[in-house]
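User: I am new to this structure and would like to learn how to read its features one at a time. Please give the general idea each time, and then the case at hand.

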Amino acid sequence: MKAKILFFLCVCNVFLLPAASQELSATAIVEKAGRNREGQVFHSEIKMTIIRPKWKREIGAKMWVKTRDYSCVLLTSPARERGQAFLKRKNDLWNWQPGIERTVKMSASMTGQSWLGSDFTTDDIVRQTSFINDFTHTLLGKEMFDGNECYKILLTPKPESVIVWGKVISWISTKDFVDLQNEYYDEDSNLVQTYRGYDFKRCASYYVPMRMEIVPAHKNNHKTILTVQTYQLTPALSDSFFSLQNIKNIH
């Protein structure tokens with residue numbers, strides 16, 4: 001009888017070992033989520049709404065993105081900023097200003113600044129920072145967030161990375177591997193702002209948030225909402241589309 005019990009336990013262990021070995025590491029989880037964020041080639045139209053205690057401002061834009069390496073953002077409204085464009089090629093970033101017919105190369109330090117007075121940074125828009133390559137990753141466990149089981153991940157900037165944040169804590173759904181919330185902290189571990197993703201839409205094998213919000217931590221009634229109005233995967237988009245000459249004529 002003891003021999004049968006021992007045999008049964010051994011068989012159970014054989015079946016349980018693969019399940020244990022399949023537990024994902026923090027980096028593997030971030031890589032899966034990063035495929036949604038950094039692996040797409042698409043064209044979209046967006047509306048950004050900047051909300052302040054006494055006023056509200058809307059900005060319209062078109063975006064062309066080819067993975068994390070290339071992106072172009074063209075402002076379509078308001079009228080005084082229409083035609084202004086931002087171009088990213090690998091690690092280089094430019095801003096085309098049609099009013100003075102000049103292209104300005106932007107330094108890495110400028111990507112951490114507010115984009116057009118919003119709570120999003122230029123980095124958020126052009127995707128300069130990589131959660132995969134620019135941070136180390138620590139799994140803090142699993143946690144329910146807004147009715148979804150999530151991996152809770154601590155992201156710490158690598159020493160060589162040019163990152164404005166001291167750390168980021170990310171809630172990534174265990175089901176679809178999308179960022180539901182990211183908290184951004186300064187170097188003294190003070191919460192600076194919180195990102196939320198909403199209304200995820202499946203496009204081919206990607207999950208895309210149709211609405212994103214940034215809420216500053218210590219500014220009452222401050223918020224920026226980015227709404228995706230149209231979204232289309234465009235795998236044929238060429239590298240040559242993202243040229244300094246093209247951003248002057250794109251519309």
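User: Is arginine 57 buried or exposed?

Analyst: A residue is called buried under 20% relative accessible area, exposed over 50%, and partly exposed in between, with a 1.4 Å probe and protein chains only. Arginine 57 has a relative accessible area of 19%, and therefore counts as buried. The model is predicted, so local features need pLDDT of at least 70 and side-chain atom pairs count only at pLDDT 80 or more, while totals for chains, interfaces and linings use all residues. Residues are numbered from 1 along each chain as its sequence is written, and side-chain values use heavy atoms, with hydrogens and water left out.

User: In which strand is arginine 57 found?

Analyst: Helices (H or I, at least four residues) and strands (E, at least two) are DSSP runs, numbered from the N terminus. Arginine 57 belongs to strand β2, residues 56-66. For the protein chain, this reading gives 4 helices and 13 strands.

User: Which polar contacts does the side chain of arginine 57 make?

Analyst: A polar contact is a pair of N or O atoms within 3.5 Å; within protein, one must be able to donate a hydrogen and the other to accept it, and residues adjacent in sequence count only if both atoms are side-chain atoms. The side chain of arginine 57 meets the side chain of glutamate 81 at 2.6 Å. The arginine 57 side chain also reaches the backbone oxygen of leucine 116, at 3.1 Å.

User: Which residues does arginine 57 touch, not counting residues up to four places away in sequence?

Analyst: Contact means heavy atoms within 4.5 Å. With residues up to four places away in sequence not counted, arginine 57 touches Met48, Thr49, Ile50, Pro78, Arg80, Glu81 and Leu116.

User: How should I read the largest nonpolar core, and which residues have the most contacts inside it?

Analyst: In soluble globular proteins, nonpolar side chains tend to be buried together. A nonpolar core is a set of buried Ala, Val, Leu, Ile, Met, Phe, Trp, Tyr and Cys residues joined through side-chain atoms within 4.5 Å. Here the largest such core has 43 residues, and those with the most contacts inside it are Met48, Trp115, Ile125, Ile153 and Leu226. Strand β12 (residues 206-216) supplies the largest share of this core, 5 residues. Another core, of 14 residues, lies apart from it and has Tyr70, Trp94, Leu237 and Phe241 among its members.

User: Which strands does β8 pair with?

Analyst: Two strands pair if DSSP finds at least two bridges between them. Strand β7 (residues 135-145) runs antiparallel to β8, and 10 bridges join them. Within this pairing, leucine 139 has isoleucine 153 of β8 as its bridge partner. The two strands form a hairpin with 2 residues between them, and aspartate 146 in the turn has a positive phi of about 55 degrees. Strand β8 is also joined to β9 (residues 167-173) by 6 bridges, again antiparallel, with leucine 154 opposite isoleucine 169 in β9.

User: How many bridges link β10 to β9 and to β11?

Analyst: Strands β9 and β10 are antiparallel, with 6 bridges, and tryptophan 171 is partnered by glutamine 181 in β10. Their hairpin has 5 residues between the strands, where phenylalanine 177 in the turn shows a positive phi of about 55 degrees. Strands β10 and β11 are likewise antiparallel, over 5 bridges. Their hairpin has 5 residues between the strands, with serine 189 in the turn at a positive phi of about 65 degrees. In strand β10 (residues 179-185), 7 of its 7 residues are buried.
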